[in-house]
Amino acid sequence: MSDLKFSVVGDSASATQFIGKTRQFTLVVDEPEALGGTDEDANPVEYILAGFAGCANVVGHLVAKELGFTIKNLKIEVTGELNPDRFLGTSTKERAGFKTINLNLIPETDASIEVLTKWLQIVEERCPVKDNLQNKTPLKISVEKEYTAI
C-alpha cells in the first residue's frame, strides 16, 4: 500500500482555542479554565493521549483478529505527566512535553495470558501513534506572513 497523508487545517478562535478541520470532522482544541481557556473541549496534550488510546484500540482489535481471538470489550486507560513550567515560560529546567505516558489495556476476552502477551507485543510494534511518541519524527515548522499587495 502506498503512503497515506493526513492533515488538519484550521484557525485560532482565541488565544487558547483552535478549531480545525480534518476530512468531514471539526476538531476543537481548548484549554481548561485553570490554564486560561474556556474548557469547551480537550486540550492538545489530552488529544495526544486520546490519539494513543484510539490507535491502540484499532491495532488491538486488528491483531486480535489476526491471532484468532475476540475482544468483547477493551478498556483503555492512558495517563501522561508533564511539568507545565516550560510551556508557561516560567522555567527551562524540564522539557515541555510528557515526562512519561502510561497505557493500560484491559481486554475482556477468553484468550490466554500467553496469547495476550504476544498480542501486546505486536500491538506495541504496530501502533503508529506509539511509534511517533517514542521515536523522533522529522518536523518542519514554518511561518508565513500574510500581506496585502498594493
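D39 is partly exposed, at a relative accessible area of 48%. This comes from a predicted model. D39 sits in the loop between strand 3 and helix 1. The points below cover backbone angles, the nonpolar core and a surface patch.

**Positive phi angles**
- Most residues other than glycine have a negative phi.
- D39 is not a glycine, yet its phi is positive, at about 60 degrees.
- R23 is also a residue other than glycine with a positive phi, near 50 degrees.
- R23 lies in the loop between strand 2 (18–22) and strand 3 (25–29).
- R23 counts as exposed because its relative accessibility is 67%, and the cut-off for exposed is over 50%.
- D39, at 48%, falls in the partly exposed range because exposed requires over 50%.

**Nonpolar core**
- The largest nonpolar core holds 20 residues.
- V59, V63, F69, I71, L105, W119 and V123 have the most contacts inside this core.
- Helix 1 (44–67), strand 4 (73–81) and helix 3 (113–126) each supply at least two of the core residues.
- Helix 1 gives the largest share, eight residues.
- Beyond its neighbours within four places in sequence, I71 is in contact with G60, H61, A64, P107, E108, T109 and W119.

**Surface patch**
- M1, L4 and F6 make a nonpolar surface patch of about 500 Å².
- L4 belongs to the segment before strand 1 (9–12).
- L4 is exposed, with a relative accessible area of 59%.

Key
Residues are numbered from 1 along each chain as its sequence is written. This is a predicted model: local features need pLDDT of at least 70, side-chain atom pairs count only at pLDDT 80 or more; totals for chains, interfaces and linings use all residues. Side-chain values use heavy atoms; hydrogens and water are left out. Patches are made of residues with over 30% relative accessible area and no salt bridge: like charges are joined within 9 Å, nonpolar side chains (Val, Leu, Ile, Met, Phe, Trp, Tyr) within 5 Å. Accessible areas come from the Shrake-Rupley method with a 1.4 Å probe; for residues, only the protein chains shown count as cover. A salt bridge is a side-chain nitrogen of Lys or Arg within 4 Å of a carboxyl oxygen of Asp or Glu. Helices (H or I, at least four residues) and strands (E, at least two) are DSSP runs, numbered from the N terminus. Buried means under 20% relative accessible area, exposed over 50%, partly exposed in between (1.4 Å probe, protein chains only). A nonpolar core is a set of buried Ala, Val, Leu, Ile, Met, Phe, Trp, Tyr and Cys residues joined through side-chain atoms within 4.5 Å. Contact means heavy atoms within 4.5 Å.
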